[in-house]
Amino acid sequence: MSLWLGQHRAALVDAVRRLASSPLNSALSLLVIGIALALPAAGWLAIDNLRAAVGNVAQVQQISVFLTTDASARDVADIEKRLRSSGIGRFRFVPRDEALKHLQAREGMADLVAGLPRNPLPDAFVVDAANATPVALEEAARTFADWPKVEHVQLDSAWVRRFDAFLRIARLAVGLLGALFAAGLAAITFNTIRLQILAHAAEIEVARLIGAGDDFVRRPFQYYGALQGMLGGLLAVGMVAGGGALLAGPAGELATLYGGSFALRGPSPLEIGALAGGGALLGWLGAQVSVALHLRRFG
């Protein structure tokens with residue numbers, strides 16, 4: 001076991017030495033790998049931030065139940081009782097006077113509201129459904145619409161479906177882009193290892209002559225590819241985090257203009273590990289294929 005560990009340690013040291021022996025070439029390779037991993041990672045993180053900014057419409061969706069303008073306090077109590085017995089979820093009552101005050105507080109609406117002869121807004125209930133699937137929401141909206149003294153039920157389920165469809169398409173596009181760049185990363189490592197094999201051809205021939213096995217010859221190149229991929233993944237993390245830091249200020253200002261607050265989320269520890277580990281795996285895979293193909297000439 002100690003001999004086996006010693007061989008792997010020696011192979012890792014040799015891979016580090018080869019990376020350090022040509023710093024410019026190594027830096028350019030790492031830059032290309034970092035960009036290849038950073039683009040899909042940034043796209044995936046952007047989708048996640050967009051979903052957080054807009055709100056998770058798959059879990060939270062409100063139904064607005066507007067009563068008729070002639071609804072009395074008894075009618076309001078009846079609707080409240082129906083909502084409570086339906087078990088639809090949480091709800092709150094919005095009196096017409098409160099709705100008018102909110103409308104008046106909005107920019108540019110004060111003069112318009114002041115010119116109205118009377119309050120045209122109805123009483124309303126805002127429902128946060130426990131079951132927020134589009135089918136359940138639409139069924140609940142139809143049920144509410146049949147109740148007495150209910151003038152209108154508002155549920156923007158079409159917007160929910162469009163937003164969900166957009167997220168699915170965006171995830172698919174990012175996934176395809178990630179697969180394309182992953183293949184490119186493996187190809188970059190394949191070519192880099194090929195050049196390494198050609199540069200150390202004499203060393204490999206001598207090692208074969210003195211009895212070195214295939215595993216002994218392959219191991220340094222495999223570590224080289226994995227190490228290069230891991231460092232490229234960490235560089236991608238730095239690129240994504242740096243871009244997020246630059247965009248954090250403008251994103252916060254934009255959210256403030258819309259009356260909200262939002263902070264861009266950076267890569268999580270799990271995502272950092274996934275990028276570094278994925279880069280290492282793809283680098284090892286490219287090195288493995290390259291070594292298997294190009295070492296045949298030394299057989």
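The structure is a predicted model.

**Sheet and packing helices**

An open sheet is built from 4 strands in the order S2-S3-S1-S4, with antiparallel pairing. Strand S2 (89–94) and S4 are at the edges and have a single partner strand each, so one side of each lacks a neighbour in the sheet. From one strand to the next, the twist averages 20°. In general, strands of a sheet pair through backbone hydrogen bonds, in either a parallel or an antiparallel manner. Here, S1 and strand S3 (residues 124–129) run antiparallel and are joined by 5 bridges. Ser64 has Val126 in S3 standing opposite.

H3 lies across S1, S2, S3 and S4, and runs at about 5° to S3. H6 also packs on the sheet, where H6 touches S1, S3 and S4; the direction of H6 makes about 170° with that of S4.

**Salt bridges**

Side chains of opposite charge can pair when their charged atoms come close. How many salt bridges does a search of the whole structure find? The search finds 6.

| Pair | N to O distance |
|---|---|
| Arg265 and Asp48 | 2.7 Å |
| Glu80 and Arg84 | 3.0 Å |
| Asp70 and Lys149 | 3.5 Å |

Arg265 forms its salt bridge with Asp48. Arg265 is located in the loop between helix H9 (214–257) and helix H10 (269–294), while Asp48 belongs to helix H2 (residues 23–54), so the pair ties together parts that are 217 residues apart in sequence. Arg265 has a relative accessible area of 31% and is therefore partly exposed. Asp48 and Arg265 are also members of a network of salt bridges that includes Glu271.

The side chains of Asp70 and Lys149 meet in another salt bridge. This pair links distant parts of the chain, 79 residues apart: Asp70 is in the loop between strand S1 (62–67) and helix H3 (73–86), and Lys149 is in the loop between helix H6 (134–145) and strand S4 (150–154). Asp70 counts as exposed at 52% relative accessibility, whereas Lys149 is partly exposed at 32%.

Glu80 and Arg84 form a salt bridge within one helix. The two residues are 4 residues apart in H3, so about one helical turn separates them. Glu80 is partly exposed, with a relative accessible area of 29%; Arg84 is exposed, at 53%.

**Two individual residues**

Is Thr189 buried or exposed? Thr189 has a relative accessible area of 0% and is therefore buried. This residue is found in helix H7 (residues 157–199). Apart from its neighbours within four places in sequence, Thr189 is in contact with Gly225, Gln228, Gly283, Gly286 and Ala287.

Ala10 has its place in helix H1 (residues 2–21). With a relative accessible area of 46%, Ala10 is partly exposed. Ala10 and Arg219 are 209 residues apart along the chain, and their C-alpha atoms are separated by 9.4 Å.

Definitions and conventions. Residues are numbered from 1 along each chain as its sequence is written. This is a predicted model: local features need pLDDT of at least 70, side-chain atom pairs count only at pLDDT 80 or more; totals for chains, interfaces and linings use all residues. Side-chain values use heavy atoms; hydrogens and water are left out. Buried means under 20% relative accessible area, exposed over 50%, partly exposed in between (1.4 Å probe, protein chains only). Contact means heavy atoms within 4.5 Å. A salt bridge is a side-chain nitrogen of Lys or Arg within 4 Å of a carboxyl oxygen of Asp or Glu. Two strands pair if DSSP finds at least two bridges between them. Axes are lines fitted to C-alpha atoms, for helices over the stretch in contact, and angles run from 0 to 180 degrees between N-to-C directions.
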